[in-house]
Amino acid sequence: MGLVTRAPQGVELRGVEKRYGEVVAVRALDLEVRPGELVVLVGPSGCGKSTLLRLIAGLIAPTAGEVWIGGRRVDDVEPGARDVSMVFQSYALYPHMTVAGNLGFGLRVRGTPRDEIERRVAEAAAALGLSDLLSRRPGQLSGGQRQRVALGRAMVRDPGVFLFDEPLSNLDAELRLRTRDEIAALHRRLGTTMIFVTHDQVEALSLGERVAVMDRGRLQQVGTPDEVYRRPRNLFVAGFVGSPPINCIPLARDEGGRLVGGPFALHAPAGLDRATLGVRPEDLSLAGGGDGGDPTGAGDFRAAVLRVEALGSEQRVHLDGPGDAAWVARAGPSLRVAPGDRVRISIAWERSHLFGPDGRREEMAPRPMNRPASP
């Protein structure tokens, strides 16, 4: 018999809201997680993502709306009867118990037969590489090993839904990457529904089958990692998702009916008097400066190099403008530029974005009009 015997359960939130007095932590939120899917909730601190996870788990009750798990409404169902297991940011292990004791504790509390506990503990330990550590106590384990014990404790319950509340935050960079890979592999092996909360957008894009971006208690966008990155629904999503963040400049309609800002003049969609142009760092191409190119050649604009981050496989080139804020471009390692160089920059307009005054992304890509680049 395998470790997982229960079918994965879908989760649906219908108009869910959570208020604490005048503070609204979650606002009229609708979300459907399909059975067996791995969805990552991501957003800045205080956006409501952990509150949402606790609403699903039953640790807090919604002020309004409905929570459904496995096709049944569970608003009034106790956490232990919701068919979910939760892994917290803190490991929450019992220091006086061995790894085996921690893994099997929840099953013992529920009166599970001893031989069933031993079987499930052994299977979870084998799946997570803990078989040789079953007799150790948490104080004898590394941070990564303790986090795997916390994962295993959730696994042995054989839940229909796994809930992860920033489980990697206490790990160093190397362990975060390794444990993230282990969770992804675990999902592929178990096929269980997983909802994972993080504030790290790189973690969200690399782990989630779908990503749900939140801000100020509202769901901003739900989609595949590629959809969220390449077709952000609004300016918040575009700015939050991506490292380095998207480059932006405000635009306004001039007397000629163009959207202008800095060196740019764009065709203005009907009814759009103000907008924001957004360009990802990898959608900027640099030439000129120390590579021997012609700095007076064609390009969408020219700028001075402020500093260069050499990261091995790529460079991040920080530029003076356009606009009030510095821009960042991604470049290959062969580009030769240095602080003080002037370079010409071309934009991949077909992959750039135009956001209206309400922050919503326009469906059509920005279209530049003929205008000389800035001197």
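Colleague: What is the mean pLDDT of the protein?
Modeller: This is a predicted model, in which local features need pLDDT of at least 70 and side-chain atom pairs count only at pLDDT 80 or more, while totals for chains, interfaces and linings use all residues. Residues are numbered from 1 along each chain as its sequence is written, and side-chain values use heavy atoms, with hydrogens and water left out. The mean pLDDT, the predictor's confidence in each residue from 0 to 100, is 88, and 94% of the residues reach 70 or more.

Colleague: Over which residues does pLDDT stay under 50?
Modeller: Residues 290-297 are one such stretch, for which the model has 13 contacts (heavy atoms within 4.5 Å) beyond four places in sequence. Residues 371-375 are another, with 14 contacts beyond four places in sequence. Where pLDDT is low, the predicted coordinates should not be read in detail.

Colleague: How many helices and strands are there?
Modeller: The protein has eight helices and 20 strands; these are DSSP runs, H or I of at least four residues for helices and E of at least two for strands, numbered from the N terminus. The C-alpha atoms fill a box of roughly 80 × 45 × 35 Å along the principal axes. Of the 375 residues, 50% are buried, where buried means under 20% relative accessible area, exposed over 50% and partly exposed in between, with a 1.4 Å probe and protein chains only.

Colleague: Among contacts between residues at least 6 apart in sequence, what share join residues at least 24 apart?
Modeller: That share is 67%.

Colleague: Turning to pockets, how much space lies in the largest pocket?
Modeller: The largest pocket holds about 400 Å³. Its 18 lining residues include S85, M86, F88, R153 and R157, which are the closest to its centre. On a 1 Å grid over the protein atoms alone, a pocket is an open set of points where a 1.4 Å probe fits, with protein on both sides within 12 Å along at least five of seven lines, and lining residues have an atom within 4 Å of a point. Grid points are joined across faces, edges and corners, and the volume is the space filled by probe spheres set on the points.

Colleague: Which elements give two or more residues to that lining?
Modeller: They are β6 (84-87), α2 (99-109) and α4 (143-155). The largest share, four residues, comes from β6. By class, the lining has twelve nonpolar, three polar and three charged residues; Ala, Val, Leu, Ile, Met, Phe, Trp, Tyr, Cys and Pro count as nonpolar, Asp, Glu, Lys and Arg as charged, and the others, Gly among them, as polar.

Colleague: What do the buried residues of α2 pack against?
Modeller: They pack against α3 (114-128) and α4. Among the buried residues of α2 are V99, L103 and L107. Just after α2, G111 takes a positive phi of about 75°.

Colleague: New topic: how many salt bridges are there?
Modeller: The count is 28, a salt bridge being a side-chain nitrogen of Lys or Arg within 4 Å of a carboxyl oxygen of Asp or Glu. In one of them, the side chains of R230 and D283 meet at 3.4 Å, N to O. R230 lies in helix α7 (residues 225-230) and D283 in the loop between β14 (274-279) and β15 (284-288), so this pair ties together parts that are 53 residues apart in sequence.

Colleague: What is the phi of D83?
Modeller: Phi of D83 is near 65°, a positive value in a residue other than glycine. D83 is in the loop between β5 (72-73) and β6, and is buried at 17% relative accessibility. R216 also has a positive phi, near 50°, but R216 is exposed at 65% relative accessibility.
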